[in-house]
Structures are given as structure tokens and as C-alpha cells.
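Please keep the sequence and the 3D view open beside them as you go.

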Amino acid sequence: RGSSSSRSEAKSGRTDLIFLIRFRHCCLLRNQRCLLAYLYDRLLRIRALRWEYGSVLPNTIQFHMSAEEVEWFNRYKKSLATYMRSVGGEEGLDLTQDIKPPKSLYIEVRCLRDYGEFEIDDGTTVLLKKNSQHFLPRWKCEQLIRQGVLEHILS
Amino acid sequence: MFEAYFPVGPGLGLEENFLSLDDILMSQEKLPGRAESALPRLAFALGQGAGTGDSIPEGSKLEIPLWLAKGLHDSKRRIISVELPKIYKEAWRTVFSADANVVDLHKMGPYYYGFGSQLLNFDNPENPEIAQTILQTFISRFRRIMDSSQNAYNEDTSALVARLDELERALFQAGQKGLNDFQCWEKGQASQITASSLVQNYGKRKFTDMDG
């Protein structure tokens, strides 16, 4: 008893079955709507990750993305990068930085988990070990803070 | 504080937003109806028969979700006709006009405003009164919601939101967010870089279903 048997019966004169087809059609449309809304919501969250987390997603999250979603993320990244390069003169403008207005060039940070060695601009490296505190340039730390590796301490 | 995730919100008025998860949940709510002709083979699907071939006799009362009602309904009422749920009828409308603030809108079907707006899609002679009641109810309750959302800082707000419907809860949350953002700014924390809330949430869930 499938939709095709109802359809052929309806065509052959059982007009009272037409609404049955309509009912099934409503259900199909409903399922389609739920699926589309779910997939679209996932895309909205994936897009937000680019802004809140960074351009490289952690494995735990990528593991749960479909191949098409990974592809979408990469294309979105590229689109954004192209746009950012085109504004703000020669070097472009990183819109994902300084989301909150910066108050100082250097900030105090505490390390929340072991991360390893971290190189800063003048060539020196810092060892980011859990609970160690450092005074570092803001633009280098911003991404690590957003990723939960460092914590920004206000004085 | 910084959020880049903007979900699709519910529609306003007669149109739902197709991609809105809120509207999908709202349109799952049921309304009472009546079968206008015998409906063969549908008994099982509508929860009224044991055998898959059973039909629903003409005239039987049904409870169907809004999305199905919208799909099967037509102005000639050939398949089903829909009735108003009781809270949108005359008796309850008088209660709302007397004092809308005491009503527990969450219990009355948590999507009072959204669902009520969707009911206007069915041509019912009481539609103008229903629309008026929904609007007036919102107007009388809004002030209290706005005030309480702007004054409850760092408190347990569950008592305040318990009797609000979903639209009102969203408004309350918006007010709370504004209050919290302002307090954060006043304390000088507005420039503090914070970890992404998405990451904090994903970190908490252990993904235990990876093995199963």
C-alpha cells in the first residue's frame, strides 16, 4: 500500500482518495521543512564559528560536520578573506579581530590548559603551561582567548 | 556577550517563517477539528483506529496539528473543518479583557500569540475579535515584562517567566541581555575578551555518542 497505488486508484475513479494523497503530500512537505530548517540552523552555527572561534575548527567539531558543511565553511572562509583583503588599504583589515574595543596594546593573560610553546613577534617564545600568567601583545592572544586556551585578566 | 549566531526568528502576523525552528514547534500544536467527510485509511495516522485500513467516519472530532490543518483546510470545507481552541473563544476572551496579567500564558499552549495569529488564516467570523484580544493582551502585559526584565539583575528569574508565553520569554531575555551588557560595561568588563560561548558549550558535551 504505497502512494502509487492510491494515485492509480484515484485516477481510476476513487475520488475520495484524493484527499489521502493530499494528506501524504502535507506530511512530505512537513518533513522537508523540518530537514531544511535543521540543516540551515547548522549552517548558521558553522558560520558563527568562523567569527567566534577562528579559521581552523577543532577536530571534535569537524568530526560532526558533513563533507558538504566542511566545503561550505571553507568557501565562506575564502569569501570573507577576499572581502577583508579588499578593504582597509594595502594589508586589508581583519574584521574578526578587536571585536571588543581594545584598551591597551598588551594584556595580562592566564593559561587555562597546557598549550606548549608560543612564539611572539620579536622571536622569543613563551611556554604556555596551565595556570601560568603572562603579559602579552593583545593581537597575538585574541584568538587563543576565544578558543578557551587563555583567560583575559583585567587589572 | 559577542554572538555571531542569529537563528531564524518566528514570523509575525499571518505568515510563518519557513526556516524558523520556533515556528516549526509552534505549528506542531494541535487544534480541534471535525471530519467533513468519511476519511478512508486515515484512522491509524490520526490516532483513532487500530487497523491500517480503518477509516474515520464523517463528523468525528479530531485533534490535528496546525501544519496539517493548514494543509488540509480549504474554504469549502470538503475534508476537515477547524474550530477555535477554547482560549481563543468568547468565554476566555472576556477573561483576557478583564485582566490579562493574571493569566498563565505558558500553560495555555506556550505559543499564545504565534498560534493565535496563525488561526486568523482560517476564515472564521470571530477573527476580528480574536485579533483584537491578542493585541490587547499583549499591550496590557508588555509593561510588566519590560519592567521586570530591566530590574532583575543576577537573580533567579524562573518565577517571573513561568507564566509567560514563548514570545514574551524572548522579549524578557532581550531585556535581560541589555541589562547584563550594561552592567558589564559599567564594571569596566566590556573590553575583556571572552571565550567563544559556542566552544564552551561544545567542550561540556562529551560526545559520548562517538562510540555508539
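**Notes on the two-chain model**

1. Gln192(B) is found in the loop that runs between helix 7 (166-186) and helix 8 (197-204) of chain B. Please bear in mind that this is a predicted model. A polar atom of the side chain of Gln192(B) lies 2.9 Å from the backbone oxygen of His152(A). If neighbours within four places in sequence are set aside, the residues in contact with Gln192(B) are Lys100(A), His152(A) and Leu154(A).

2. Turning to the interface as a whole, 44 residues from chain A and 49 residues from chain B take part in the contact. The size of an interface is often given as the accessible area lost when the parts come together. Between chain A and chain B the buried area is about 4,200 Å², and carbon and sulfur atoms give 68% of that area.

3. Which side chains meet in a salt bridge? The rule finds one salt bridge across the interface of chain A and chain B, and the side chains of Arg33(A) and Glu16(B) meet in a salt bridge with an N to O distance of 3.0 Å. Residue pairs in polar contact between the two chains, both at pLDDT 80 or more, number 14. On the side of chain A that touches chain B, at least two residues each come from helix 1 (3-11), helix 2 (18-52), helix 3 (59-62) and helix 5 (138-146) of chain A, and the largest share, 20 residues, is supplied by helix 2 of chain A.

4. A charge and a ring also deserve a look: the charged end of Arg45(A) sits over the ring of Tyr5(B), at 4.3 Å from the ring's centre.

5. Over all chains, the structure holds 12 aromatic pairs. In one of them, Tyr88(B) and Tyr112(B), the ring centres are 5.2 Å apart and the planes stand at 5°, so the pair is stacked. Tyr88(B) is in the loop between strand 3 (80-82) and helix 3 (90-98) of chain B, whereas Tyr112(B) is in helix 4 (residues 112-119), 24 residues apart. Tyr88(B) is buried at a relative accessible area of 3%, and Tyr112(B) is buried at 1%.

6. For Tyr113(B) and Phe138(B), the ring centres are 5.5 Å apart with planes at 90°, so this pair is edge-to-face. Tyr113(B) counts as buried at 5% relative accessibility, while Phe138(B), at 25%, is partly exposed. Ring pairs link these residues into a cluster whose members include Tyr88(B), Tyr112(B), Tyr113(B), Phe138(B) and Trp92(B).

Terms used: Residues are numbered from 1 along each chain as its sequence is written. Chains are lettered from A and ligands numbered from 1 in the order in which they are written. This is a predicted model: local features need pLDDT of at least 70, side-chain atom pairs count only at pLDDT 80 or more; totals for chains, interfaces and linings use all residues. Side-chain values use heavy atoms; hydrogens and water are left out. Rings of Phe, Tyr and Trp (its six-membered ring) pair if their centres lie within 6.5 Å; planes under 30 degrees apart count as stacked, over 60 as edge-to-face and the rest as tilted. Helices (H or I, at least four residues) and strands (E, at least two) are DSSP runs, numbered from the N terminus. Buried means under 20% relative accessible area, exposed over 50%, partly exposed in between (1.4 Å probe, protein chains only). A charge sits over a ring if NZ of Lys or CZ of Arg is within 6 Å of the ring centre and within 35 degrees of the ring normal. A polar contact is a pair of N or O atoms within 3.5 Å; within protein, one must be able to donate a hydrogen and the other to accept it, and residues adjacent in sequence count only if both atoms are side-chain atoms. Contact means heavy atoms within 4.5 Å. Buried area is the accessible area (1.4 Å probe) that two parts lose on being put together, summed over both. A salt bridge is a side-chain nitrogen of Lys or Arg within 4 Å of a carboxyl oxygen of Asp or Glu.
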